[in-house]
Each structure stands twice: as structure tokens, then as C-alpha cells.
Amino acid sequence: MIAIVDYGMGNLRNVQKAVERAGGEAVITSEAETMSAAWGVILPGVGAFGDAMQNLRERRLIEPIRQECAAGKPFLGICLGMQLLFEESEEMGLHRGLGLLPGRVVRFPSRAPASADGSPDCPPVPLRVPHIGWNQLHIRRPGPLLAGVPDGSYVYFVHSYYVLPADDAIVLATTDYGLHFASVVGRGNLFGVQFHPEKSQTIGLQILRNFVQMSREAGGGGR
């Protein structure tokens, strides 16, 4: 069973349906006991970082989430859920995150270099924010979450903020949008994707299928 954390923000039912299409059993919950019984946990999210952290506090979910991650259970943050895994965000003020991964969340600039690598020879160009639509994954560190996902695969994004990890070793894939940003992160049992796998068709289902398999193996279910 995969527990999808309900803290009042996110397309929970869409994520649940996608997990089920990927071959998993999923339950939407805000109960620590259900999260503890699950083989894997997904933290989705759509909306503002500060509101999300406030909702997690009010529902007393912060410590249960940290405990599940510390226990080695497969854990996946999606979109805002990925951003919440980090230490802080500058979205509408400065807000503390879950602090499970090192780094901070910042807004896309209104103007970005013409080259994604920031070459000083290229003048800045306007950058449309939010970043909405299909874009590519450039895989840097293949692993179990990205098994069967070809380099250059397209996935679906909707976001105005992105993560600046303090440790480059946790960046599994990047995406170019005026600059290179971390679109998939991971360390041990903890993963995050900036895009929406539930909206990313075949590639999104493959990533969720990989997460379901990791959860089965962690829970003793095998293949």
C-alpha cells in the first residue's frame, strides 16, 4: 500500500488514480498510523509553500513524515511536495521546510541568460513565469526511480519556484528553463520530482511504477 499524504493541498485523487494505473494500491490519508502501515509514502502538493507547512503543522504531520523518512521507507515528494523536503523557501517571505534535504527554494527570475549555462556573452532574455508545460529531463544519475526512463524524456511542469540543492550529489536529473534546475532529486529512500508524474503520461507512469516496486521491495512484497 502507498500512503498519499492529505494536508489539504494537491490533486490527491489524480495522484491516487495514477498510482493505481502504475500497479499499486493507494490510500489518501492524514493519519500517522496509516502512513506507518504503508510500504511507501507520497507527499503531493499544489499551492504556496508557507500555507503547506502551516497545514502540515496543524494536522500534526511534520514529525510523522520525518519519522517515516528516517525509518528508510520509500518517500516521494511531487511538485510542491518536493520543495517541502528542503530547508527553506523564499515564496512570499521566508519559510522553513521539512529540512530532510539540504537547500532552498527560489523563484525563477523574470529575465534569464540566453544560454542555460549562464554564459556572460549572451544577453538576458525575458522568462515567462510560471513554467508551464512539457519539458525534458536530462538524467545525471540513473537510479531505481528513473529506471526505464530515457534521457531527454518529456514530463509536465507547473511551477514558479525551483530548488537550489546545497549538495549536488542529490541531483538525479535537471531541466532547462532559462537556467538548469533540479527536476529530480534523491538520497537513499527519499526522492522528489518537480514535475507532475500523474500528468506526464507514459514517462510519469513509469516513474510511479518504479516507486511502487521500490515500496513493494521495502515492504517485503517482492515482485
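Good morning. I begin with two helices: α1 and α6 are roughly perpendicular to each other. Please keep in mind throughout that this is a predicted model. The angle at which α1 and α6 pack is about 75°, and their axes are 8 Å apart; the range that counts as roughly perpendicular is 65 to 115 degrees, and therefore this pair qualifies. On the α1 side the contact is made by Ala18, Val19 and Arg21, and on the α6 side by Leu205, Leu208 and Val212. Sorted by class, that contact has five nonpolar residues, one charged residue and no polar ones.

Let me turn to the sheet. Eight strands form an open sheet with mixed pairing, in the order β2-β1-β3-β4-β16-β15-β14-β11. Its edge strands are β2, residues 26–29, and β11, residues 138–139, each of which pairs on one side only. Between β1 and β2 the pairing is parallel and extends over four bridges; isoleucine 2, for instance, has alanine 26 of β2 as its bridge partner.

How do the two helices lie on these strands? Helix α1 lies across β1, β2, β3 and β4, running at about 160° to β2. Helix α6 lies across β1, β3, β4 and β16, and runs at about 145° to β3.

Isoleucine 42 deserves a separate word. Beyond its neighbours within four places in sequence, isoleucine 42 is in contact with several residues, among them Ile4, Val19, Leu76, Leu208 and Phe211.

I close with the backbone. Most residues other than glycine have a negative phi, and most peptide bonds are trans. Cysteine 79, in the loop between β4 and α5, has a positive phi of about 55° although it is not a glycine. Methionine 92, in the loop between β5 and β6, likewise has a positive phi, near 55°. Are these two residues buried or exposed? Cysteine 79 counts as buried because its relative accessibility is 6%, whereas methionine 92, at 63%, counts as exposed. Finally, the peptide bond from valine 129 to proline 130 is cis, with omega near 10°, and proline 130 lies in the loop between β9 and β10.

How values were computed
Residues numbered from 1 in each chain as written. Predicted model: local features only at pLDDT ≥ 70, side-chain atom pairs only at ≥ 80, totals over all residues. Heavy atoms only, no water. Contact = heavy atoms within 4.5 Å. Axes fitted to C-alpha atoms, helices over the stretch in contact; angles between N-to-C directions. Parallel < 35°, antiparallel > 145°, perpendicular 65-115°, else oblique. Nonpolar A, V, L, I, M, F, W, Y, C, P; charged D, E, K, R; others polar. Pairing = 2+ DSSP bridges. Buried < 20%, exposed > 50% of the residue type's maximum accessible area, 1.4 Å probe, protein only.
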